[in-house]
Amino acid sequence: MLNGCDNNHDHHSFSNVERVRVTHLELALDVNFQTKQLSGVASLALDYLDKSCRELWLDLRELTIIGVEDEEGAELAFVIDKEDPILGQRLNISFTSKLNKVIVHYVTSPDAEGLQWLSPQQTSGKTLPFLFSQSQPVNARSWIPLQDTPKARITFNAKVKAPSGMRVVMSAMNDAEAKLNGEFDFSMEKPIPTHLLAIAVGDLAFGPIGPRTGVYSEPELLEAAVKEFEDTEEMVVTAESLLGPYPWGRYDMLVLPPSFPFGGMENPRLAFMTPTLIAGDKSLVSTVAHELAHSWTGNLVSNATWRDLWLNEGFTTYFTNRIVEAVFGKEQAELEVVLEYGRLKEELATTAFAEQNLPANVQKQDPNEAFNRFTYDKASMFVHDLEKRIGREAFDKFLFTYVEHFAFEAITTERFIDYAKQTLLIEHADKISEAELNEWVYGCGMPSCFTAPQSDSLDKVDLALSLWAKGACAESLETEAWRVHHWQYFLNSLPEVQKQSQLMDLDNHFKLTDSTNAEIACDWFRVAIRNHYDPVLPALSDYLIRIGRGKFVKPLFTELQVAGYESEMKEIYREARKGYHPSIVTQLDKLLSFN
């Protein structure tokens with residue numbers, strides 16, 4: 001399987017990007033809901049770093065290759081080799097003379113891990129089927145043959161055929177006025193990493209928010225989505241004040257069905273969002289800010305390998321907090337940082353010490369394992385610490401020039417360190433040393449200099465927790481002024497062991513089992529499961545069957561397993577599994593030893 005530990009090499013790609021690079025993709029796709037397949041033609045424009053190179057190595061996962069040809073239509077020799085359970089297969093194309101373009105004809109598998117095909121019954125409208133992709137981290141190769149690595153940025157054009165009456169959207173410039181006649185054209189003229197390639201097909205309507213922002217969703221959700229995300233244009237303006245002009249033209253969002261496995265996905269020009277963000281009170285829209293922030297830190301400046309994911313997620317999580325502070329106020333921003341640290345503390349307590357650093361050393365592992373609280377929240381704490389040390393004004397200048405310097409590039413952890421040595425460590429030598437920088441990045445656990453974030457807004461919650469620990473009843477707790485974040489902090493701070501009478505009191509008074517806020521419900525279910533509060537089981541089952549977001553379903557199934565609900569867990573998962581995204585199914589099958 002995966003081997004080698006060169007930190008500059010992308011161990012999650014078979015492609016020979018150091019010799020020849022695909023720079024542009026011309027894509028033609030035919031969407032077939034009956035067979036759950038895409039029929040495709042991928043025309044790949046080549047740039048030779050090694051002029052003598054006469055082969056092209058592409059990444060595949062279970063694609064059927066019908067044929068490969070040059071731009072004149074002459075057949076090219078190819079072989080599929082180097083199969084790996086995580087990486088898929090290598091498509092090795094040989095040619096005798098230097099080619100400008102290679103064209104691959106192919107068909108996807110009905111079980112492609114990067115695509116989810118939903119029946120009409122799995123949608124809100126119940127009349128038309130739905131298709132959406134999830135390419136990050138290495139699933140683009142399951143629906144397009146390409147050099148599937150963040151190092152290989154590409155521009156692309158696409159022509160997509162779909163059933164008449166359905167709308168197709170992509171991570172490109174979308175036309176909200178396009179006729180639903182079954183034929184759609186797309187263009188992305190700015191180079192993007194391949195994990196940001198995205199497509200969705202369904203019964204989709206569009207609602208404008210601002211002059212360059214809007215929402216696509218199923219018609220039944222559109223009004224609620226537009227209302228929930230109405231501050232998006234203001235977020236864009238705020239982000240621009242920090243990191244410069246928005247670089248992608250439009251920032252539209254697509255609200256997907258509940259099986260979407262993430263809170264959001266930063267596909268340029270069309271960020272994918274989970275419907276669990278629509279809480280009715282804007283309490284969860286920091287995810288919108290997060291995906292927007294990725295437009296600079298992640299889409300503009302990218303990680304070179306999945307080991308370097310923290311450069312995307314840490315800076316973006318910090319940048320998200322700055323947007324939230326500007327748009328929704330300092331109290332909410334502080335609360336969100338405290339909750340971040342709470343998640344991080346939980347993972348610090350359950351993760352091997354040697355793995356508690358910023359680089360996700362997943363060179364020999366599934367890159368999905370890079371998405372943890374260290375690459376997000378510990379990395380964010382590092383960026384917050386930099387701001388605290390050198391001051392906000394100086395740090396904003398550094399952040400601006402950092403993004404400007406590496407725009408449209410993919411960088412490694414070591415390249416960032418080198419850049420910091422030439423900038424931060426020279427300009428602010430009295431405030432941060434190389435040793436301190438290295439301790440944050442490469443050290444395990446939290447650095448000796450770290451001070452945990454705090455918020456005065458949590459004093460009222462700490463008082464309630466203290467009273468609860470002394471035997472107070474739920475009715476006596478003063479919670480009228482609490483936000484969602486206060487409830488999350490309260491539930492996550494409860495002692496591990498709670499009496500059945502205590503849980504019943506909380507539930508009866510605050511109706512926690514019936515909460516329509518996905519975050520509060522998840523945190524409550526975790527408390528209930530570990531204390532065997534069985535009245536939640538029907539609602540928990542409905543929640544896990546209805547929602548496929550990994551952030552919720554993975555910890556809840558884990559709690560069920562640890563608490564000994566083995567039969568209930570298997571029964572719920574057997575039913576829920578049918579509606580989950582393939583990438584989540586793969587992870588949960590392994591986690592739960594399901595077969």
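Predicted model: local features only at pLDDT ≥ 70, side-chain atom pairs only at ≥ 80, totals over all residues.

Q: In what order do the six strands of the open sheet lie?
A: Strands here are DSSP runs of E, at least two residues, and helices are runs of H or I, at least four, numbered from the N terminus. Two strands pair if DSSP finds at least two bridges between them. The pairing in this open sheet is mixed, with strand E4 (64-70) and strand E12 (183-192) at the edges, each pairing on one side only. The order is E4-E7-E2-E1-E10-E12.

Q: Are the residues of strand E9 buried or exposed?
A: Buried means under 20% relative accessible area, exposed over 50%, and partly exposed in between (1.4 Å probe, protein chains only). On one side of E9 (residues 130-133) sit Phe-130 and Phe-132, and on the other Leu-131 and Ser-133. Both faces are covered, and these four residues are all buried.

Q: Which residue in E13 stands opposite Leu-131?
A: E9 pairs antiparallel with strand E8 (residues 115-118) over four bridges, where Trp-117 has Leu-131 as its bridge partner. E9 also pairs with strand E13 (residues 199-202), again in the antiparallel sense, over two bridges. There, the residue opposite Leu-131 is Val-201.

Q: How many salt bridges are there?
A: A salt bridge here is a side-chain nitrogen of Lys or Arg within 4 Å of a carboxyl oxygen of Asp or Glu. Glu-346, Glu-496, Arg-526, Arg-530 and Glu-559 are even linked in a network of them. By this rule the count is 36.

Q: How many residues apart are Arg-483 and Glu-331?
A: The side chains of Arg-483 and Glu-331 meet in a salt bridge at 2.9 Å, N to O. Arg-483 is in the loop between helix H11 (459-469) and helix H12 (484-493), while Glu-331 is in helix H5 (residues 330-348), so this pair links distant parts of the chain. Arg-483 is partly exposed at 27% relative accessibility, and so is Glu-331 at 30%.

Q: What is the relative accessible area of Asp-377?
A: Asp-377 forms a salt bridge with Arg-343, with the closest N and O atoms 3.4 Å apart. Asp-377 lies in helix H6 (residues 373-390) and Arg-343 in helix H5, so the pair ties together parts 34 residues apart in sequence. Arg-343 counts as partly exposed at 30%, whereas Asp-377 is buried, at 1%.

Q: How much space lies in the largest cavity?
A: A cavity is a set of points on a 1 Å grid over the protein atoms alone where a 1.4 Å probe fits but cannot get out, and lining residues have an atom within 4 Å of a point. The structure holds one cavity of 30 Å³ or more, and Val-22, Leu-25, Leu-44, Leu-146, Gln-147, Ile-154 and Thr-194 line the largest cavity. A volume is the space filled by probe spheres set on the points, which are joined across faces, edges and corners. For the largest cavity, that space is about 40 Å³.

How values were computed
Residues numbered from 1 in each chain as written. Heavy atoms only, no water. 1 Å grid on protein atoms, 1.4 Å probe; cavity = no way out; pocket = protein on both sides within 12 Å on 5 of 7 lines; lining within 4 Å.
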